[in-house]
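Here is a short note for a reader opening this structure for the first time. Please keep the viewer beside the text and take the points in order.

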Amino acid sequence: MVIVNALLQGVLLGGLFAMAALGLSIAFGILRVVNLAHGEIMTIGAYLAAVGLSSLGVSVWVSLLAVVPLMGVVGYWVQRLLLQRALTLGELAPLLVTFGIAIIIPNALIELFTTNKQAISTGDLAVRSIKLADGLYVGVLPLLTMAVAIALIAGTQLLLARTRIGRHMRAAADDSETLRLLGVDHRKVYAAAMGLAFAIAALAGVFFGMRQGGVTPFDGQLMVLFAFEAVIIGGLGSLWGTLAGGIVLGVAQTLAGVVSPELPLLVGNLVFLAVLVLRPTGIVRSKVVV
Amino acid sequence: MADLVPGAVRVDRLRRRMITVQIIGAGVILLLAMAPYVFEPSVTSQWIKLFYLITLATSWNLLAGFAGMVSVGQQAYIGLGAYGVFVFNDLGLDPYTSALVASVVIGAVAFGLSFIAFRLRGGYFAIGTWVIAEAVRQIVIRFDSLGAGRGRGIEDYTADPVLRNLFTYWLALGILVATLIGSLFLLRSRMGVALQSIRDNEVAARAVGVDVTRAKRIVFVLAAVMAALAGSVICLQQIGVQSPSQIFSVSFSAFMVFMVLIGGIGTLEGPIIGAVVYYVMDLYFSQMGLWYLVVLGCLAIVVTLFLPRGLWGELRARFDITLFPVGHRVVALPRPAEPDASASAPAPRTSPRTDATATTASTEG
């Protein structure tokens, strides 16, 4: 029963990893930018929610209404002002710019907020759970996280497939020059995609913070690696693949946690490296290249 | 200057400049090697830091600047280099020999890891190396004999602090010299031509028959060995590792990126200048605490976007200077005196005038 419980918790943890991976996947799929600062964007989202809670007394759910759109706008302008220029300078430049951001944010956060954990409390939601059988409980928060992750992936898929901006994004990913010939400013399309990626990252960051009960400046480094591992395990270019990848990573970590509390991160990393060696295209064959 | 006519050109490897560089370089190395007899240990121990910074910057530049591999996981090899000193020291070697033996072993480890890392390209390669570095750290701290998560000191070490500093200084200098000379000769070799072509256009390099993967793997292993040597120097200087999270910190990658970008990526001289700039900034601004890293991050972004050639690149564009000759220059041979002698040379299909190439075509590294 311990194993079954660990499996179940792992699957639900996978929802969180998938949510974290979604933004990374969008940024890479549409802009071919690997955002090394993705984890830090998540951290910023969580910090905004934590500060809203501690200094303004706003509940996490209300602050999400402000934090997510705000980070979307930030993403839009980061793309327009920094990354767009970097994209014209070759392959290395966008990477180096996002790595610069990834160094700036955690160190600035340590100076501003110290290394202490900033609490993100959700009342009793974090501890509430549903009993399925003896020794088999499902937390309400992980279940909710999974539901949100699935909704986000489905929503993104719909957005890309059905809407005008989604079509523009796919077109910009394929051939931005031709898109320009048709009278669409590809820079705005790129910026909108990056805004979407930032907004989802911020949301995922807040959920990560709720699960951990708070956020520290070091969480971004962990999260970017989790998100990246979920993307690669799932298979590049597949949105539902990130969910599968997240679940594989989550299950690997919780099963390792049953053996020893020190093992989850190491086993997660080793599973990732094993997938990379044995099945470098990921476990889900991608049909739609985002 | 004479026109470039097919059959009447030769490729100049800048041999004369190379000889000058060798003479001046030997002099500088000799002076630096004598420095401990002149300066106090407190001064030379500062130089040790500068030496390993230049080594690190040069190694990262080989990776990113020439082979197009942005790695943010070089701290894996720095950390392994530091811990390798413990491993071989415990086996009975003296710390300095341990550092050298460890670097060879780590080169073999890097060769194995390259088969994992090379599954990924571009940005995903970058995060992949980061994951490898994390996994390496998590494995290292599982060994209680290596101090687990607490770090440890070197057991069997030279007792006299002056001698200790002296030996570490010479080791750091030797590593730096080996790194620079190795890079210079690597880039002047056939492999160097391949690397410079990969830097300029990987697809085109592949198309003209360069074995890109092999060249990249060699650079990956060499850069790991250099990082390992730098890591062991850090360990020797601090008489141990204060904490594994410090020696395996991603900040090392940030410093390397910063030094190479500021100095000028894709040149041999750039990383040296970048390392000196970083070293001076570190002397004066490190008391700012972590804001210092924030400033470094901002500067790295600004340089990437607005000064992509770096300090050395700008200088070279303006004054046409090089310290290390790694390029090729196509030079026209002096015209024969008799006008009909050109008939014996293979007839150019187009007249030299309409040939659009410049009178000297050159590649510069």
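1. Confidence in chain A. The model is predicted, and chain A has a mean pLDDT of 89. In that chain, 98% of the residues reach 70 or more. Confidence in chain A is highest in α8(A), at a mean of 93. It is lowest in strand β2 (residues 129–133) of chain A, at 80.

2. Confidence in chain B. Here the average pLDDT is 83, and 89% of the residues score at least 70. One stretch needs care: residues 340–361 of chain B have pLDDT below 50. Beyond near neighbours in sequence, that stretch has 22 contacts in the model. Where pLDDT is low, predicted coordinates should not be read in detail.

3. Scores for the whole model. The ipTM is 0.86. The pTM is 0.85.

4. The contact between the chains. Chain A gives 35 residues and chain B gives 33 residues. On the side of chain A that touches chain B, the elements with two or more residues are α3 (60–87), α4 (92–113), α9 (219–234) and α11 (264–278) of chain A. Which of them gives the most? It is α4(A), with 13 residues. By type, this side of chain A divides into 27 nonpolar, four polar and four charged residues.

5. A residue in α4(A). L109(A) lies in this helix. Is L109(A) buried or exposed? It counts as buried, because it has 24 C-beta neighbours inside 10 Å and the cut-off for buried is 20 or more. Leaving aside neighbours within four places in sequence, L109(A) is in contact with T43(A), Y47(A) and P217(A). G23(A) is 86 residues from L109(A) along the chain, and their C-alpha atoms are separated by 22 Å.

6. The largest nonpolar core. This core has 204 residues. Those that touch the most other members are A20(A), A193(A), M194(A), A202(A) and A227(A). Helix α8 (residues 186–212) of chain A supplies the largest share, 19 residues. Take A202(A) as a case. Beyond its neighbours within four places in sequence, A202(A) is in contact with I41(A), M42(A), I44(A), G45(A), V67(A), V68(A) and M71(A).

7. Chain B as a whole. It has 14 helices and five strands. Of its 365 residues, 42% count as buried. Consider the contacts in chain B with a separation of 6 or more: residues 24 or more positions apart account for 81% of them.

8. A covered helix in chain B. Helix α11 of chain B covers residues 251–263. Twelve of its 13 residues are buried, so the helix is mostly covered. The buried residues include F252(B), F255(B), F258(B) and G263(B). What do the buried residues of α11(B) pack against? Their partners are α4 of chain A together with α2 (41–66), α3 (75–90), α12 (269–285), α13 (291–306) and α14 (310–319) of chain B.

9. At 1.5 Å a residue, the 13 residues of α11(B) should span 18 Å. The end C-alpha atoms are 18 Å apart, which agrees. Just after α11(B), G264(B) takes a positive phi of about 130°.

Terms used: Residues numbered from 1 in each chain as written. Chains lettered and ligands numbered in written order. Predicted model: local features only at pLDDT ≥ 70, side-chain atom pairs only at ≥ 80, totals over all residues. Contact = placed C-beta atoms within 7 Å. Helix = DSSP H or I, 4+ residues; strand = E, 2+ residues; numbered from the N terminus. Nonpolar A, V, L, I, M, F, W, Y, C, P; charged D, E, K, R; others polar. Core = buried A, V, L, I, M, F, W, Y, C linked by C-beta atoms within 7 Å. Expected span 1.5 Å × (residues − 1). pLDDT = per-residue confidence, 0-100.
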